[in-house]
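Q: I'm new to reading protein models. Could you walk me through this one, feature by feature?

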Amino acid sequence: MARDRMIGAAIFATLLALPLLLPLVGADYLMGLLIKAMLLAIAAISLDLIIGQGGMVSLGHAAFIGVGAYTAAIALESGIEEILILLALTLAVTALVALITGALALRTSGVYFLMITLAFGQMIYFTFTSLAAYGGDDGLTLWSLATLFGSDVVQNGEGLYFFVLATLLATWAGVHRIGLSRFGRVLRAARDNPQRAEVMGYPITRYRLVAYVIAACIAGVSGLLMMQYAEFVSPAIATWQRSGDLIVAVVLGGLGTRNGALLGAFFIVLMEEILSSLLHEWRLIYGPLLVILVLYAKGGLADLMAPRAKGAG
Amino acid sequence: MLEIRHLSKSFGALRVSDDISLALGPNECHAIIGPNGAGKTTLIHQISGVLRSDAGEVRLGGRDVTGLTVWQRVQAGLGRTFQITSILPSFSVLENVAIAAQAKAGGSMRFFAPAARDAALNDAAAAVLTRVGLADRMEARAADLSHGELRLLELAIALAARPKVLLLDEPMAGLGRTESAALIDLLAELRAEVPMLLVEHDMDAVFRLADRLSVLVDGRIIASGPPAEVRDDPGARAAYLGAEA
């Protein structure tokens, strides 16, 4: 898939070069928009690991963004400011939550898996709304932000932009690698034909659970970065509608493709921004646009840009 | 190698396996025949663990595997094929077999090295595919294979895990005459390496391959022994063979 890689490389080269050009066109606004798109893309790529590669449609993925954001925010409030320590904490807490909820949810599959992940997502969401000490429903404005080795370089502007870009690049490359690895192959086999994978000698639930935990951890990291960017956390970060947005990004971009989730996330953020600046009732255009894309570009945006051999992947 | 003792299974009031016992020695092919609905596939499901048995015991190489799950039994050396072809449609033919070899080799919790370029697994898979006669189809997508080729792939997947015992559920199902003949030759060769329990309707295959033959009717074995003896058994003739012979 040489063309996939070229498209991916072109996207990242553009993202790398843009901050150098932005001062010409009004930097802050566009940079913020791109950071938002990149943060959504990180979470969407992680969701594609379980939906695209694993065939497990989760409607609770945004909850892990929330777990990451709240873990980091609460740690910040209690005085831990080093971003690498916050990262480690975020990973540990999201992994634990995902391990417990995943082990239970993976006793089901298909639409039942969707319902149970939705239920866990809602439980986590309502847990956030009840955290009175951390703003409850209203959320929490952060008076201090994370630092990198004591420096404020990752707090705003270009420093944060490049930190998010590096995280996105690592996620994009890492999830792709996982998909091609021995582990990823078992995960895809369990999606293609669960019974066959089992009769090949694989305890498929174990592999699915590991994928679920990895995806949750990545979503948790995007949550930490969302908190850092917004200087604010609220339960709204973890609503099930946000989980739905992530699914839309993954499906629209192209399930289980190299650039699908990335393209889908950028498309959603940019379309919302462009359409809403043109028209107050922008959703009247956005909705039908999604319908048309899903109907006529079944392989997703990734397929439009680099048509694959029929059915490959 | 494989020993089944008093295996039973009921669906509600319907007794699909009724106190079935049989043994499979090294390098032996034990064929099971019987009319449709006799419980042949159910028996294979019970032995491989896809279905839980209500009572009885399955022993593999002297070890009790009754309490093990499907994948644990495969890891213990119990390979099987499906009556209705069960493969990974979006994978290449080579990858279908390589991933089966990977289960045997271990290391499936590795996250970074690309598996498709794993020479040891690919070589093992290619050797099995050459053996079954799919050497020139290795790069094809499994979903694009013909029915006959799929039956061979099904067998190759089972062989790649280097099983101690092979359960074959109607391997000839849907094959034409020449394809069947080729597969019988292949199975005759394999019989020297791995003992097999063969469920089959094709009488040519059964009488050519089987060292022992059991007739299953309504979940019970009504006759068992060397094929020539069973062929002359009046009960077996009446129940099954009589209809054809």
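A: Happy to. Let's start with the domains of chain B: the C-alpha centres of domain 1 of chain B and domain 2 of chain B lie 26 Å apart. Keep in mind throughout that this is a predicted model.

Q: Which residues belong to domain 1 and domain 2 of chain B?

A: The domain assignment gives 1-77 + 163-245 as domain 1 of chain B, and 89-161 as domain 2. Nine residues of domain 1 of chain B are in contact with seven residues of domain 2 of chain B. On the domain 1 side, the largest share comes from α6(B), with three residues. Sorted by class, that side of domain 1 of chain B has seven nonpolar, one polar and one charged residues.

Q: What does the pLDDT of chain A average?

A: Chain A averages a pLDDT of 90, and 96% of its residues score at least 70. Then look at residues 309-313 of chain A, where the pLDDT is below 50. Here's the general idea for such places: where pLDDT is low, the predicted coordinates should not be read in detail. Beyond near neighbours in sequence, the 309-313 stretch of chain A has seven contacts in the model.

Q: What is B:A156 in contact with, leaving aside its neighbours within four places in sequence?

A: B:A156 is in contact with B:V97, B:V128, B:L129, B:V132 and B:L134. The general idea is that in soluble globular proteins, nonpolar side chains tend to be buried together. Here, the largest nonpolar core has 174 residues, and B:A156 is one of those that touch the most other members, along with A:A41, A:A44, A:A265, B:V97 and B:A160. Helix α9 (residues 204-230) of chain A gives the largest share of this core, 18 residues. Domain 1 and domain 2 of chain B both give residues to this core, so it lies between them.

Q: How many residues of chain A are in contact with chain B?

A: 21 residues of chain A are in contact with 30 residues of chain B. On the chain A side, α6 (157-180), α7 and α8 (194-199) are the elements that give two or more residues. The largest share, six residues, comes from α7(A). The chain A side divides into nine nonpolar, six polar and six charged residues.

Q: Is α7(A) largely enclosed or open?

A: Enclosed: 10 of the 11 residues of helix α7 (residues 182-192) of chain A are buried, so it is largely enclosed by the rest of the structure. Those buried residues include A:R185, A:V186 and A:A189.

Q: Which residues does B:I99 touch, not counting residues up to four places away in sequence?

A: B:I99 touches A:R185, A:V186, A:A189 and A:M200. B:I99 is found in helix α3 of chain B, and counts as buried because it has 27 C-beta neighbours inside 10 Å. For distance in sequence versus space, take B:I99 and B:N122: they are 23 residues apart in sequence and 9.0 Å apart in space, C-alpha to C-alpha.

Q: Where is A:I11, and is it buried or partly exposed?

A: A:I11 is in helix α1 (residues 2-21) of chain A. With 18 other C-beta atoms within 10 Å, A:I11 is partly exposed.

Q: And what should I look for in the backbone angles?

A: The general idea is that most residues other than glycine have a negative phi. A:F149 has a positive phi of about 50° although it is not a glycine. A:F149 sits in the loop between β1 (140-141) and α6 of chain A, and counts as exposed, with 9 C-beta neighbours inside 10 Å. A:E231 has a positive phi too, of about 55°. A:E231 is in the loop between α9 and β2 (232-233) of chain A, and is partly exposed, with 15 other C-beta atoms within 10 Å.

Definitions and conventions
Residues are numbered from 1 along each chain as its sequence is written. Chains are lettered from A and ligands numbered from 1 in the order in which they are written. This is a predicted model: local features need pLDDT of at least 70, side-chain atom pairs count only at pLDDT 80 or more; totals for chains, interfaces and linings use all residues. pLDDT is the predictor's confidence in each residue, from 0 to 100. Two residues are in contact if their C-beta atoms, placed from the backbone, lie within 7 Å. Domain bounds come from an automatic or database domain assignment. Helices (H or I, at least four residues) and strands (E, at least two) are DSSP runs, numbered from the N terminus. Ala, Val, Leu, Ile, Met, Phe, Trp, Tyr, Cys and Pro count as nonpolar, Asp, Glu, Lys and Arg as charged, and the others, Gly among them, as polar. A residue is buried if 20 or more other C-beta atoms lie within 10 Å of its own, exposed if 12 or fewer, and partly exposed in between; C-beta atoms are placed from the backbone. A nonpolar core is a set of buried Ala, Val, Leu, Ile, Met, Phe, Trp, Tyr and Cys residues joined through C-beta atoms within 7 Å.
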